[in-house]
Amino acid sequence: MNTKAIKTLEYNKIIDKLIQYAGSTLGKERCSKLLPMNNLEDITNAQKETSDALTRILQKGSISFSGLKDIRGSIKRLEIGSTLGMGELLQISSVLDVALRVKAFSRNESDEVEPDTLDMRFSLLEPLSPINNEIKRCIVSEEEMSDDASSTLKHIRRTIKNTNEKIREQLNSIVSSQTTKSMLRENIITMRNGRYCLPVRSEYKGQFQGMVHDQSSTGSTFFIEPMAVVKLNNDLRELASQEQDEIERILAELSATIALETEKLTDDITILTELDFIFAKAYLSKQLKASEPIFNTKGYVNIKKGRHPLIDPKQVVPIDIHLGDEFNLLIVTGPNTGGKTVSLKTVGLFTLMGQSGLHIPAFDGSELAVFEEVYADIGDEQSIEQSLSTFSSHMTNTINIIKNATPNSLVLFDELGAGTDPTEGAALAMSILSYLHNQDIRTMATTHYSELKIFALSTPGVENACCEFSVETLRPTYRLLIGVPGKSNAFAISSKLGLPDYIIDDAKSRIDSQDKSFEDVISDLEQSRITIEKEREEIALLKEEAAELKLKLSEKQEKLDNAKERILREANEEARNILADAKEFADETIKKYNKWTKESGLGKAMEDERGLLRNKLNAAESKLALKNKAKPSKVHKAKDFRIGDAVNVLSLGLKGTVSTLPNAKGDLFVQMGILRSQVNIKDLELIDEPVITTPTLKKTGSGKIKMAKSYNISTSVNLIGKTVDEALPELDKYLDDAYLAHLPQVTVIHGRGTGALKNAVHQHLKKLKYVDSYRLGTFGEGDQGVTIVEFKK
């Protein structure tokens, strides 16, 4: 694509927006180099990648590429056998952390999810966790190596600590001695040239045995290393040298290990940069509320409700534009500030965005053509330095377009032929457009010339369009109307603004009768269009009212049915009470008659009658009130249920958690507090679960963290007897579960021992963003054998 069109259509501003959504420097660099493509397969693949990334964001939430460092220089150094510093190794660790995080984001919870264009990239990522863990174990920061990096380093540092303590003991005894106390300027221990010294008064310099290392600016104080600590200071220097040698050995060993994986590291950098770039396109699509366009090679453009992406979304007016099917030349007319140029730029910018793999802010189903070039002559490009007028500048651009444009080009003209005599300008514009039209070049042009309106009406394959203008309000509506030529509305606007009628009448008399009749035809067409649109709006309102009435009638019928059911239920309840009283009374009466007629031989007959009466009463009782049986709001299938899902057991009115998956009959076990029962899926209703958000997680429509597994989490974890490598994964999982369960604090039991496990636990807690603070236990909590961890609120 030519750089002039890219600049004119403000494509660079879209790229600036895209760069903001990349999470790494490498990703931003990749975004800045994005240019339109002209191969249909490449464009389609790029669009599909953007759509797949957007789908993943909507389903799983955000993904961060923060921490992706440019380690290409370090990789080259490793390839020639160099040793990396601690800072470079930590950058490699940061890249591997990103690879692990992105790899985890890519995993699908269900096997039913269909693969997409990003699966291959995700699968090729290598987090190299053993190497990453080793780097983290050995290196604390860019300037500090961990004591646990090697047993030798740990021994050396312990010896350094002991030697320091011995030196301080010796110096403290000298400082506190009555003999030497008066010789010292201050009772302090200081360092000079990396050796421990004491500040001795100058007059006692000869009496104080030791080596002079420095003196004050006034010469009144000498900093002397006492002879008693010279050997210890020498030992300290030697230990420092050994420490540095051991650190360099560890760095060399780590570098040699990583050097074996440089190819995988290079792949990780390449893949992560590409994914950062692709997801940046998806985030831009989400922000613009854009959609994937359909591409064709037939030169057909059909934009549905397109919104210019650089105009405030609250103010932009969507437009519908089609070009290249029934006509290949669209001439847009109408008053100034009506939106003609914006429509022109929208078509050009959408083409550049779409061919770059970016979604366009338009409705689904919008179509774009693949153009080899886009030419745009828009805006005032008058040049004082080159002595070019506005007309000359535009004509220079036009000549260049005519020379280079092909049927696979898109040409955009703004105010073609303007800046010169109207008669000559209109004739030139008509000739230029005729040439492009005859060459079957897709062209869109804006103009004020009436001659071009007539040209569009009388030439096959050429169509008029206008930007609607409301004479009532003297303001444009910014709607693009294809098939209707624009009207200048100069007389109407002047009259509304207060220009005297006699001047307007005189102006009308000076217009050629043919031009006047043409303007009248346009006015009639405009009036007919407005009438039809009003009728359409009225029909739409009537449809909406009918739908509302239908809904109200349905609701009313439902209320009547419910009332009927309630009335029947109450009536049957009342009848049951009456029957119960009658039944009891009848039983008592028959018992009395039985007693009275026991000897008369009528007892059996009366008992039979009593049975008939009882049956009749029972039959009436069976027609009791209608019972409200709870029904699920949605019929669920077996595949809808997963272990841990929260459900409502309708027959029991209890809430519980799914313990097992449904069998062939749809039966499964549900845990309801301490009660575990087997129920059928027809008796269950899935309920929403609480969503947990953390400082590193964003709430999304589908990326929810559920609390189903966190009911029985303990407030402590026991790591005693485990090695560091065994304890840390268990600790990490426990802390995650505890935080999700909303526990305010937990206790980590690590014991006292050598302190290695305690130190490893503390180092790990430093890295967890959801840990607010931690401390060793106090008396009654476990003392030094436990660590109390408090989570962030």
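In this predicted model, the charged end of Lys 60 sits over the ring of Phe 105, at 5.7 Å from the ring centre. Phe 105 also takes part in a cluster, in which ring pairs link it with Phe 65, Phe 122 and Phe 279. The points below treat charges over rings, aromatic pairs, backbone angles and the surroundings of one serine.

**Charges over rings**
- Arg 30 has its charged end over the ring of Phe 277, with a distance of 4.0 Å to the ring centre.
- For Lys 60 and Phe 105, the corresponding distance is 5.7 Å.

**Aromatic pairs**
- Rings count as a pair if their centres lie within 6.5 Å, and by this rule there are seven aromatic pairs.
- One of the pairs joins Tyr 21 and Tyr 283; the ring centres are 6.5 Å apart and the planes meet at 15°. Planes under 30 degrees apart count as stacked, so this pair is stacked.
- The pair links distant parts of the chain, since its two members are 262 residues apart. Tyr 21 lies in the loop between α2 (11-20) and α3 (25-32), whereas Tyr 283 belongs to helix α12 (residues 262-288).
- Tyr 21 is partly exposed, with a relative accessible area of 29%.
- Tyr 283 has a relative accessibility of 15%; because buried means under 20%, Tyr 283 counts as buried.

**Positive phi angles**
- Glu 10 is not a glycine, yet it has a positive phi of about 65°. Glu 10 is located in the loop between α1 (3-8) and α2.
- Lys 305, likewise not a glycine, has a positive phi of about 50°. This lysine is placed in strand β8 (residues 301-306).
- The relative accessible area of Lys 305 is 36%, so Lys 305 is partly exposed.

- Ser 291 is found in the loop between α12 and β7 (294-296).
- With a relative accessibility of 7%, Ser 291 counts as buried, because the cut-off for this term is under 20%.
- The side chain of Ser 291 reaches the backbone oxygen of Ala 362 at a distance of 2.7 Å.
- When its neighbours within four places in sequence are left aside, Ser 291 is in contact with His 359, Ile 360, Ala 362, Phe 363 and Asp 364.

Key
Residues are numbered from 1 along each chain as its sequence is written. This is a predicted model: local features need pLDDT of at least 70, side-chain atom pairs count only at pLDDT 80 or more; totals for chains, interfaces and linings use all residues. Side-chain values use heavy atoms; hydrogens and water are left out. Rings of Phe, Tyr and Trp (its six-membered ring) pair if their centres lie within 6.5 Å; planes under 30 degrees apart count as stacked, over 60 as edge-to-face and the rest as tilted. Helices (H or I, at least four residues) and strands (E, at least two) are DSSP runs, numbered from the N terminus. Buried means under 20% relative accessible area, exposed over 50%, partly exposed in between (1.4 Å probe, protein chains only). A charge sits over a ring if NZ of Lys or CZ of Arg is within 6 Å of the ring centre and within 35 degrees of the ring normal. A polar contact is a pair of N or O atoms within 3.5 Å; within protein, one must be able to donate a hydrogen and the other to accept it, and residues adjacent in sequence count only if both atoms are side-chain atoms. Contact means heavy atoms within 4.5 Å.
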